[in-house]
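The following note sets out several points for a colleague who is reading this structure alongside its sequence. Each point may be checked directly in the viewer.

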Amino acid sequence: MLTVFKNLSLRNRAALAAALTLFFFFSLAGFGLLRAYEDSLNNAAEGELRAYMLSLLGAIDVDEKGVLSLEDLPVSAFNQPNSGVYAEVWQKQRLLWRSNSLIGQSLPKVETRLGKYQFYSSITGDIPLVERSSELSSSNNILSLKIDWNDGVLSEQFDLIVANDAEPFLRRQEGYKENLLLWLLGLGLGLVFLQILLFRWLFRPINKVVDELESIQAGEQQQFSDQYPNEVDRLTQSLNVFLANENQHIKRVKESLANLAHSLKTPLAVIRAELSNKKIDQTALQEQVDRIATVINYQLNRTSTSVRPSYRQAYSCYEQVQRLIAVMQRLHEPEGILIEANIASDLVFKGDVDDLSEVLGNVLENACKWAKSRASVVISNDGDRKLHIKVLDDGPGIPQDQINEVLQRGRRLDVQAEGQGIGLSMVNDIVESYSGEISLKESNDINVEFPSGLAVIINM
Amino acid sequence: MRILVAEDEASIREHLEQRLTEKGYIVDAVDNGADALYCGEEYAIDLAVIDLGLPKVDGIEVIKTLRQQNKKFPILILTARSRWQEKVEGLEAGADDYLTKPFHIEELIARVNALVRRVAGQTDNMLTNGDLSVDVGTQVVKYAGENIDLTAYEYRLLHYLMLNIDKVVSKTELVEHIYAEDNDKDSNTIEVFVRRLRTKLDPSSKHKPIETLRGRGYRLVKAD
């Protein structure tokens with residue numbers, strides 16, 4: 001049973017919850033309305049009986065001998081048999097008078113209180129009887145009153161009981177109850193139906209997400225469409241970013257593997273050919289081994305930069321950047337190079353901090369290798385969307401026609417600079433993966449102090 | 001100059017030991033972090049080459065411990081991890097330079113030479129003092145333009161004195177820095193090497209580049 005509820009769809013859960021809520025609401029509303037109607041019926045019955053009681057009181061007379069008589073009753077119904085209006089007058093346990101409408105029958109004996117009307121309704125339940133006699137078979141509403149008769153001739157207490165037939169009231173109550181039930185049932189069913197329609201409409205985007213996800217899994221589409229309500233749109237857009245990253249990651253890994261295979265097979269072929277020679281050329285072998293090492297290093301780094309979470313978290317990276325610059329300063333201080341840093345203290349990077357370290361490390365390392373004595377690094381945020389890195393140096397700068405070559409794999413402009421020549425290519429790859437920009441500044445683009453430099457913009 | 005090489009890969013370690021010895025260095029080669037710590041603490045090490053992925057005690061821990069013990073000799077780290085984040089961690093632990101595997105042995109020797117020169121306050125491979133010059137890269141020693149032929153021990157002795165120009169260097173210190181650990185260390189032979197060196201550098205005994213300070217040691221006199 002529990003499993004059934006656990007497996008209920010969201011739409012069915014919502015519909016069930018709405019149906020239960022409506023059921024409780026309409027039950028309470030029905031109960032309240034019925035009670036209110038019963039009260040109004042009782043009030044009407046009591047009002048009618050009080051009028052009879054007053055006419056009865058007006059008709060009571062006692063002669064000189066102390067005998068009670070009721071003459072000239074204004075209500076004719078008291079005199080018509082089975083009229084539905086009845087009355088009795090009692091003195092303690094002795095019946096003094098009974099209306100002609102009660103031929104062969106009697107009213108149930110109910111409690112009376114001096115000077116106070118006691119109303120007993122058969123609409124709302126059984127009448128608490130003091131004594132049951134051969135009472136009326138039909139349901140009746142009863143009003144009782146005890147009066148203290150003292151007119152100088154007679155001093156006695158009398159119990160007056162009037163009753164009327166409750167059947168008409170009960171029929172009206174039953175009719176009302178049936179009508180109310182029908183209305184409430186109709187209204188409830190209508191509302192449940194409306195709720196079901198509403199939920200179908202509400203859950204349509206979710207069903208669409210599920211359908212589109214199935215299509216994506218089946219390879220029928222690449223991404224979620226952009227026709228979603230705002231709340232779901234944020235989810236589908238995030239999923240689209242995730243899917244795009246996944247696809248990009250797979251593409252990069254495939255590319256890396258293909259490049260790796262291609263780049264390794266050529267030097268391996270050369271080595272194999274060289275080993276088959278009678279006289280092995282050590283220099284040629286070393287050259288190919290170096291080539292293999294460079295390729296492996298580059299491709300491993302390239303692949304590792306593509307391994308990053310699809311969801312980009314914002315990191316406060318001021319401290320991390322300062323640590324890297326401090327280490328770089330220590331490395332290049334013996335060469336007489338001074339690094340000037342201007343880093344925004346509220347620097348935030350929305351991505352993998354390791355990538356930022358890689359970009360900054362390689363760019364700064366490059367600047368320090370080319371610098372004569374000074375390098376400058378400025379890092380700032382453009383809101384939370386872009387990170388600007390500008391690294392300048394007082395070195396010779398790189399001619400425009402060689403800019404693109406520098407940013408390619410394994411390209412080194414001058415053997416005077418150490419390294420395996422893949423640093424800037426790595427930077428290029430990382431920046432590209434963030435849809436950023438990288439550009440080598442021309443000599444006169446910056447200033448006299450720092451004629452050479454590199455500007456990197458990373459989109460976050 | 002005494003170099004500690006801590007590398008667990010036997011072929012790399014042996015190759016480094018051989019090539020650094022050829023370059024005139026005394027090499028203490030170990031294959032784990034615990035032995036590296038022992039050597040760093042007990043021997044008069046001038047420079048250490050430490051692989052980060054050492055067994056028993058991690059390379060970073062070795063460097064941190066040595067620095068905590070106020071060992072100030074330069075440390076070159078070898079690492080297969082080429083990401084900057086990892087390099088920063090190694091350098092922050094107290095290393096002075098790093099080299100990413102795979103590396104050319106020539107590049108490692110160049111870095112070692114650079115670190116040694118850095119300690120001595122020199123800027124290039126050529127150590128000079130007046131007419132005397134020592135090319136650390138080629139191990140060519142010249143005096144007044146003439147090549148001087150030196151044995152391995154004589155070269156080590158001169159190299160160490162050139163890195164400590166005008167400083168008093170005791171016989172014990174010289175023994176620690178020019179003899180391998182498993183050699184028979186006789187401080188009297190230092191006197192023999194110094195005498196031979198004087199004869200080769202200054203056959204006429206006019207310039208007297210190496211002074212003897214009785215009971216204290218020797219000093220390579222700074223040329224005017």
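**Note on helix packing, the chain interface and local geometry**

1. In this predicted model, helices H1(B) and H5(B) are oblique to each other. Their axes, for residues 10–22 and residues 105–120 of chain B, come within 11 Å and cross at roughly 55°. Since angles under 35 degrees count as roughly parallel and those from 65 to 115 as roughly perpendicular, this angle is therefore assigned to the oblique class. The crossing of H1(B) past H5(B) is right-handed.

2. Which residues make this contact? H1(B) contributes B:His15, B:Leu16, B:Arg19 and B:Leu20, while H5(B) contributes B:Ile105, B:Glu106, B:Leu108, B:Ile109 and B:Val112.

3. Helix H2 (residues 10–59) and helix H3 (residues 167–202) of chain A pack with their axes 9 Å apart, at an angle of about 160°. H2(A) is therefore roughly antiparallel to H3(A), as angles over 145 degrees are counted in that class. The contact residues of H2(A) and H3(A) are 21 nonpolar, 4 polar and 6 charged. Here, too, the handedness may be stated: H2(A) and H3(A) make a right-handed crossing.

4. At the interface of the two chains, 24 residues of chain A touch 17 residues of chain B. About 1900 Å² is buried between chain A and chain B, with 45% of this area on carbon and sulfur atoms. On the chain A side, A:Arg323, A:Arg330 and A:Leu331 lose the most area to chain B, and together they account for 28% of what that side buries.

5. Most residues other than glycine have a negative phi, and most peptide bonds are trans. The bond from B:Lys101 to B:Pro102, however, is cis, with omega near -5°; B:Pro102 is located in the loop between strand E5 (97–100) and H5 of chain B. B:Gln139, although not a glycine, has a positive phi of about 65°, and its place is the loop joining strand E7 (132–135) to strand E8 (140–143) of chain B.

6. The average pLDDT of chain A is 81, and 85% of its residues score at least 70. Residues 409–420 of chain A, by contrast, have a pLDDT below 50, and this stretch has 30 contacts in the model beyond near neighbours in sequence.

Terms used:
Residues are numbered from 1 along each chain as its sequence is written. Chains are lettered from A and ligands numbered from 1 in the order in which they are written. This is a predicted model: local features need pLDDT of at least 70, side-chain atom pairs count only at pLDDT 80 or more; totals for chains, interfaces and linings use all residues. Side-chain values use heavy atoms; hydrogens and water are left out. pLDDT is the predictor's confidence in each residue, from 0 to 100. Contact means heavy atoms within 4.5 Å. Axes are lines fitted to C-alpha atoms, for helices over the stretch in contact, and angles run from 0 to 180 degrees between N-to-C directions. Helices (H or I, at least four residues) and strands (E, at least two) are DSSP runs, numbered from the N terminus. A crossing is left-handed if the near helix is turned anticlockwise from the far one by less than a right angle, and right-handed if clockwise. Buried area is the accessible area (1.4 Å probe) that two parts lose on being put together, summed over both. Ala, Val, Leu, Ile, Met, Phe, Trp, Tyr, Cys and Pro count as nonpolar, Asp, Glu, Lys and Arg as charged, and the others, Gly among them, as polar.
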